Amino acid sequence: MQWIKDTVTGLIETYGTRDIYELIDMLDIEVVKKDFQGNQKASFFRDIFQNEFIYLSSSLNKLEERFVLAHELGHAILHDYLTNEVYYSTFINKDKLEHQADCFAAELIINESDIDKPLLRDMSLDQLSCYFGVPEGLLEYRFEKQLVNV
């Protein structure tokens, strides 16, 4: 998904950071921590005035929180038309939107140059997943060509 990679690259170049907290602040997205029922971790919402909110589970650890925020930022950046009314429509492919937001998060969190660090070269996929704080599947996506030792 080259367009997502290009979008993330442009975002990093424009704002001079890949830090998720700094980006959310610069983009004026309000993060509201709350308790969710079930296993929901977050929700992105854009109101009719174009104000944007990420409702974030207060029970997440720092690594989970970083990934979940990057995922929700992906919705904010990639899905201009996304509102709760559209998302809950039966005519939209939610799996596709979730996959795109995951890919955005992987591109944002994992700096391609990090995989060349000697410390990381001999790590297993599980260890890399813990190091970067992302699901293993996103590592496979992000480094599909570089992960030859794993």
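Are Arg 46 and Glu 52 buried or exposed? Both residues are buried, where buried denotes under 20% relative accessible area, exposed over 50%, and partly exposed in between (1.4 Å probe, protein chains only). The views below come from a predicted model, in which local features need pLDDT of at least 70, side-chain atom pairs count only at pLDDT 80 or more, and totals for chains, interfaces and linings use all residues. Residues are numbered from 1 along each chain as its sequence is written, and side-chain values use heavy atoms, with hydrogens and water left out.

**View A. The salt bridge between Arg 46 and Glu 52.** A salt bridge is a side-chain nitrogen of Lys or Arg within 4 Å of a carboxyl oxygen of Asp or Glu; by this rule the model contains four. In the pair of Arg 46 and Glu 52, the closest N and O atoms are 2.8 Å apart.

**View B. A salt-bridge network of Lys 33, Lys 62 and Glu 65.** Lys 33 pairs with Glu 65, with 2.9 Å between the closest N and O atoms. The two residues belong to distant parts of the chain, 32 residues apart: Lys 33 is in strand β1 and Glu 65 in helix α3 (residues 62-78). Helices (H or I, at least four residues) and strands (E, at least two) are DSSP runs, numbered from the N terminus. Glu 65 counts as buried because its relative accessibility is 5%.

**View C. The salt bridge between Lys 41 and Glu 64.** Here the closest N and O atoms are 3.9 Å apart. Lys 41 lies in the loop between β1 and β2 and Glu 64 in helix α3, so the pair ties together parts that are 23 residues apart in sequence. Lys 41 is partly exposed at 38% relative accessibility, and Glu 64 is also partly exposed, at 31%.

**View D. Ile 109 in helix α5 (residues 94-109).** With a relative accessibility of 10%, Ile 109 counts as buried. Apart from neighbours within four places in sequence, Ile 109 is in contact (heavy atoms within 4.5 Å) with Arg 18, Arg 66, Phe 67, Ala 70, Phe 132 and Val 134. The C-alpha atoms of Ile 109 and Ala 70 are 7.4 Å apart, although 39 residues separate the two along the chain.

**View E. Positive phi at Asp 28 and Gln 50.** Asp 28, which is not a glycine, has a phi of about 60 degrees; this residue is found in the loop between α2 (20-26) and β1 (29-34). Asp 28 is exposed, at 65% relative accessibility. Gln 50, likewise not a glycine, has a phi of about 70 degrees and is placed in the loop between β2 (42-46) and β3 (52-57). Gln 50 counts as exposed, at 53%.
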